[in-house]
Amino acid sequence: MKRLLTLTVAVVVLGACGKDRNPSGQPASSSTQPPAVTATTSAPTSTAAITSTTVACALAPIAASANSVTSKPGDFDGNGAADTLRAYQLGAEWRLRVELAGGGGADIAVPGVAPVSALKALGGYNIDANLRDEAFAVVGSGASTAIIGLWTFANCQLTRVTVGSQPAEFPVGATVQNQSGLSCVQGTAIQALKAQLAPSGTMFNVQRMVYDLVGNTLVLGNTPPLAALAPGDPNLAPYSRFACGSLTLN
Ligand SMILES: [Ca+2]
Ligand SMILES: [Ca+2]
């Protein structure tokens with residue numbers, strides 16, 4: 001009797017095993033299980049670091065014989081680090097150079113500076129939508145005015161900004177009869193301001209010309225109509241000032 005019970009248990013066990021096996025003899029569960037899905041949610045590799053606009057711009061050191069050197073800061077390559085704008089005279093030639101904080105820069109001749117005048121660095125101020133400051137410098141002066149020119153710095157080059165085909169020159173100053181100012185408008189434009197004493201001698205006729213910088217050219221945009229301001233009116237003050245950020249004529 002005991003032997004019969006043992007055989008019965010053995011048959012039951014064999015039968016139970018057979019129900020879970022496929023014809024190949026492998027456990028059914030191993031062939032019907034869906035392929036494992038492994039997590040592929042690793043961080044995307046497209047979050048490249050923000051690259052600087054700084055490029056290698058070869059620049060020789062300033063000549064040891066340079067005279068009348070003036071220097072002012074600006075961020076001419078737009079990388080957030082202060083660069084240096086330097087104006088200087090080499091022999092009879094006036095030159096302007098940008099020296100980038102990370103090394104290199106650009107250096108060009110500035111023709112047309114009057115013999116009694118001097119080229120003088122004013123520094124950088126960004127007047128358009130890109131990140132790079134434009135370079136401002138005094139290119140001439142009279143008894144009561146300074147004449148301001150500006151340059152763009154891009155692709156390792158300083159380029160004189162023009163109005164039409166002529167280098168842009170903006171007088172700033174005042175005489176009894178005439179006033180001239182230059183203002184930068186919230187980093188988006190530049191405006192030339194003119195005021196002329198009317199024949200009556202009691203009012204100044206004022207004019208404002210607004211330019212947008214397109215590439216290396218200033219394009220005349222909005223020009224409000226002539227207006228009149230009395231001498232001493234505080235609104236007249238910008239008409240004889242240079243007002244572009246923290247830049248000063250001194
Ligand atoms: Ca810089
Ligand atoms: Ca700019």
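**Reading the core and a sheet**

Author: Let's start in the middle of this predicted model. The largest nonpolar core has 43 residues, and those with the most contacts inside it are V98, L119, A135, A137, V138, I148 and L182.

Reader: Which strands each supply at least two residues of this core?

Author: They are β2 (83-90), β3 (93-99), β5 (120-125), β6 (134-141), β7 (145-154), β11 (170-174), β13 (189-197) and β14 (204-214). With six residues, β7 gives the most.

Reader: Why would such residues gather like that?

Author: The general idea is that in soluble globular proteins, nonpolar side chains tend to be buried together. For a case here, take L182: leaving aside neighbours within four places in sequence, it is in contact with I148, F170, V172, I190, A192, L193 and F242.

Reader: Now the sheets. What is the strand order in the open sheet of four strands?

Author: In general, strands of a sheet pair through backbone hydrogen bonds, either parallel or antiparallel. Here the order is β1-β2-β3-β4, and the pairing is antiparallel. β1 (67-74) and β4 (105-109) are at the edges with a single partner strand each, so one side of each has no neighbour in the sheet. From one strand to the next, the twist averages 15°.

Reader: How many bridges join β1 to β2?

Author: Six, with the two strands running antiparallel. To find one of the residue pairs, go to K72, whose bridge partner in β2 is L85.

Reader: Where does pLDDT stay under 50?

Author: Over residues 1-50, for which the model has seven contacts beyond four places in sequence. For the protein, the mean pLDDT is 83, and 78% of residues reach 70 or more.

Conventions
Residues numbered from 1 in each chain as written. Chains lettered and ligands numbered in written order. Predicted model: local features only at pLDDT ≥ 70, side-chain atom pairs only at ≥ 80, totals over all residues. pLDDT = per-residue confidence, 0-100. Contact = placed C-beta atoms within 7 Å. Core = buried A, V, L, I, M, F, W, Y, C linked by C-beta atoms within 7 Å. Buried ≥ 20, exposed ≤ 12 C-beta atoms within 10 Å, placed from the backbone. Pairing = 2+ DSSP bridges. Axes fitted to C-alpha atoms, helices over the stretch in contact; angles between N-to-C directions.
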